[in-house]
Amino acid sequence: KIRDAIQSYESLIGSSADIRGVFNLLLCHKILGDIEKIRRDFHRILSLPAIGEDMSMKDESVEIHEKYDRLNELDRRRKKEVANYLLVAAQLVASTTAEEEKWEDGYEWVYEQLMENH
């Protein structure tokens, strides 16, 4: 069943990558213990486009202000969700090391990837 899930997530990600799909793919690879693919999935998460940008208010009307407030709230929620997925993915990847590696090596690898990508 895990291999079927992997195929499904791979095809989903191929058409439109989102953090949930890539995260779930990472979980499948974690279950199988495939370190190379776990790390590849983590790279995919790091390469996803940034979610949302700050919006500037150009019009002071109440209707537009309320619209931007709602959009800003949705944007904040989405950024928080993305940050949570990234944190859990980083913890999962860091705790998965090859047999020849020490546990610290996994955390060092994640740190290096975060520094390179952000």
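In which hand does H3 pass H5? H3 passes H5 in a right-handed crossing. A crossing counts as right-handed if the near helix is turned clockwise from the far one by less than a right angle, and left-handed if anticlockwise.

## The model and its makeup

This is a predicted model: local features need pLDDT of at least 70, side-chain atom pairs count only at pLDDT 80 or more, and totals for chains, interfaces and linings use all residues. Residues are numbered from 1 along each chain as its sequence is written, and side-chain values use heavy atoms, with hydrogens and water left out.

The protein has 5 helices and 0 strands. Read from the N terminus, its elements run α-α-α-α-α. Helices (H or I, at least four residues) and strands (E, at least two) are DSSP runs, numbered from the N terminus.

## Surface and contacts

The protein has 118 residues, and 25% of them count as buried. Buried means under 20% relative accessible area, exposed means over 50%, and partly exposed lies in between (1.4 Å probe, protein chains only). The protein exposes about 8,400 Å². Carbon and sulfur atoms supply 52% of that area. Accessible areas come from the Shrake-Rupley method with a 1.4 Å probe.

Take the contacts in the protein with a separation of 6 or more: residues 24 or more positions apart account for 55% of them. Contact means heavy atoms within 4.5 Å.

Two packed helices are described by the angle between their axes and the distance between the axes. Axes are lines fitted to C-alpha atoms, for helices over the stretch in contact, and angles run from 0 to 180 degrees between N-to-C directions.

Helix H1 (residues 2-15) packs on helix H2 (residues 19-32) at an angle of about 150°, and their axes are 9 Å apart. H1 and H2 are therefore roughly antiparallel to each other. Angles over 145 degrees count as roughly antiparallel, and those under 35 as roughly parallel. The crossing of H1 and H2 is left-handed. Residues in the contact include Ile6 and Tyr9 of H1 and Leu25 and Cys28 of H2. The contact residues of H1 with H2 divide into 11 nonpolar, 3 polar and 2 charged. Ala, Val, Leu, Ile, Met, Phe, Trp, Tyr, Cys and Pro count as nonpolar, Asp, Glu, Lys and Arg as charged, and the others, Gly among them, as polar.

## H2 against H3

The axes of H2 and H3 come within 9 Å and cross at roughly 165°. H2 and H3 are therefore roughly antiparallel to each other. H2 passes H3 in a left-handed crossing. Among the contact residues are Phe23 and Leu26 of H2, and Ile38 and Asp41 of H3. The contact of H2 with H3 has 8 nonpolar, 1 polar and 5 charged residues.

Asp41 lies in helix H3. Asp41 counts as buried, at 0% relative accessibility. Leaving out residues up to four places away in sequence, Asp41 touches Val22, Leu25, Leu26 and His29.

## H3 against H5

Helix H3 (residues 35-47) and helix H5 (residues 103-117) pack at an angle of about 30°, with their axes 11 Å apart. H3 and H5 are therefore roughly parallel to each other. On the H3 side, Arg39, Phe42, His43 and Leu46 take part. They meet Gly106, Trp109, Val110, Gln113, Leu114 and Asn117 in H5. The contact residues of H3 with H5 divide into 5 nonpolar, 4 polar and 1 charged.

## A residue in H4

Val82 lies in helix H4 (residues 62-94). Val82 is partly exposed, with a relative accessible area of 21%. Val82 and Asp18 are 64 residues apart in sequence. In space, Val82 and Asp18 are 9.8 Å apart, C-alpha to C-alpha.

Methods. Angles under 35 degrees count as roughly parallel, over 145 as roughly antiparallel, 65 to 115 as roughly perpendicular and the rest as oblique.
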